[in-house]
Amino acid sequence: MSQITEKKPRLTTSAMIASIAEDGQETRSAPFGHALVKLAEQRPEVVGMTADLSRYTDLHIFAQAYPERFFQMGMAEQLLMGAAGGMAKEGFIPFATTYAVFATRRAYDFIHQVIAEEHLNVKICAALPGLTTGYGPSHQATEDIAIMRGIPGMTIIDPCDAIDTEQAVPAIAAHNGPVYMRLLRGKVPVVLDQYNYRFTLGKAVLLEEGSDVLIIASGLMTMRALEAAKQLRKDNVSVAVLHSPTIKPLDEETILAQAAKPGRLVVVAENHSTVGGLCEAVASLLMRHRVHVDFDTVALPDAFLDAGALPTLHDRYGISTAAMVEKIRRRL
């Protein structure tokens with residue numbers, strides 16, 4: 001007797017790496033690369049380093065502007081991090097770029113021992129964070145925040161859009177110590193221009209007020225949270241959106257003040273596994289301070305994810321706008 005197994009739904013498109021921008025949405029090209037060039041005009045100690053991925057982290061913009069300050073380390077991420085630490089010891093501010101999976105999984109020990117233990121001034125900017133590529137578990141950094149949160153003294157940034165990225169670059173350069181920043185590359189959406197937004201390291205920003213639901217989000221999920229809030233208003237559901245671009249150190253004061261407001265469902269949304277990221281950081285904070293709330297998460301499962309097209313995968317794993325809206329509707 002043959003065993004019958006349930007088939008997974010077919011992927012609807014074939015694109016493997018795609019922009020996270022919606023059709024017709026305003027974007028800016030390579031905001032990280034252009035922001036780094038602008039910063040380097042004022043900061044001669046800024047250097048750019050990569051492991052054979054300058055074009056795929058938008059560092060090629062910097063390399064074209066400052067070829068004498070650009071260092072191509074080849075396919076050797078451990079060497080990249082070790083050399084970046086050496087540069088920092090000599091007084092430079094290295095911005096080291098690669099894919100998030102290679103930075104966190106392949107070069108972890110070098111970041112931990114060479115950079116973090118000596119609190120060196122290295123800025124690790126990692127492309128394809130979370131589920132922003134369809135190339136399967138080898139390229140999907142769904143656990144990168146969890147890995148980096150465990151390192152003492154590591155600052156972690158998860159920008160929402162092009163504006164957030166542009167403003168975060170000089171801010172992390174001004175910060176003394178190691179930084180891990182998730183990097184949105186290519187044509188990056190512009191979202192926060194409507195909110196008179198300014199990035200401040202370590203601070204969360206309330207973008208929308210609401211009395212029924214509070215969504216605490218980071219990265220591209222803040223964009224999705226704003227879209228979800230707009231859709232839910234049509235059902236007379238009032239949704240507040242709190243953007244938390246700094247994952248570590250967490251803005252505990254702002255999160256506690258917002259979460260403590262009575263009568264709201266609190267949802268934490270992140271482009272990361274449910275294990276070890278913003279969701280668990282916020283849940284731990286609320287428990288330690290005895291803030292009792294109706295709590296839920298919108299995040300990726302603790303699993304190795306499929307390869308395929310991003311729109312299909314985001315729906316499948318629950319981080320699309322439609323999936324977020326449906327989950328909140330079920331909870332209310």
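## Basis

Residues are numbered from 1 along each chain as its sequence is written. The model is predicted, with local features needing pLDDT of at least 70 and side-chain atom pairs counted only at pLDDT 80 or more, while totals for chains, interfaces and linings use all residues; side-chain values use heavy atoms, with hydrogens and water left out.

## Sheet

Seven strands form an open sheet of mixed pairing, in the order E3-E2-E4-E5-E7-E6-E12. Strands (E, at least two residues) and helices (H or I, at least four) are DSSP runs numbered from the N terminus, and two strands pair if DSSP finds at least two bridges between them. The edges are strand E3 (70-72) and strand E12 (246-248); each has a single partner strand, so one side of each is left without a neighbour in the sheet. On average, neighbouring strands of this sheet are turned by 20° against each other, direction ignored.

Strand E5 (residues 123-127) runs parallel to E7 and is joined to E7 by five bridges. In this pairing, lysine 123 stands opposite valine 179 of E7.

## Helix on the sheet

Helix H3 (residues 77-89) lies across strand E2 (46-50), E3, strand E4 (93-99) and E5, where contact means heavy atoms within 4.5 Å. The helix runs at about 170° to E4. Axes are lines fitted to C-alpha atoms, for helices over the stretch in contact, and angles run from 0 to 180 degrees between N-to-C directions.

## Salt bridges

A salt bridge is a side-chain nitrogen of Lys or Arg within 4 Å of a carboxyl oxygen of Asp or Glu; by this rule the count comes to 15. One of them joins glutamate 166 and arginine 28, at 2.6 Å from N to O. Glutamate 166 lies in helix H7 (residues 162-174) and arginine 28 in strand E1 (residues 27-29), so this pair ties together parts that are 138 residues apart in sequence. Glutamate 166 is partly exposed at 25% relative accessibility, as is arginine 28 at 31% (buried is under 20% relative accessible area, exposed over 50%, partly exposed in between; 1.4 Å probe, protein chains only).

Aspartate 158 and arginine 182 form another salt bridge, with their closest N and O atoms 3.3 Å apart. Aspartate 158 is in the loop between strand E6 (155-157) and H7, and arginine 182 is in strand E7 (residues 179-183), so parts 24 residues apart in sequence are tied together. Both aspartate 158 and arginine 182 are buried. Elsewhere, salt bridges link Asp294, Asp296, Lys327 and Arg331 in a network.
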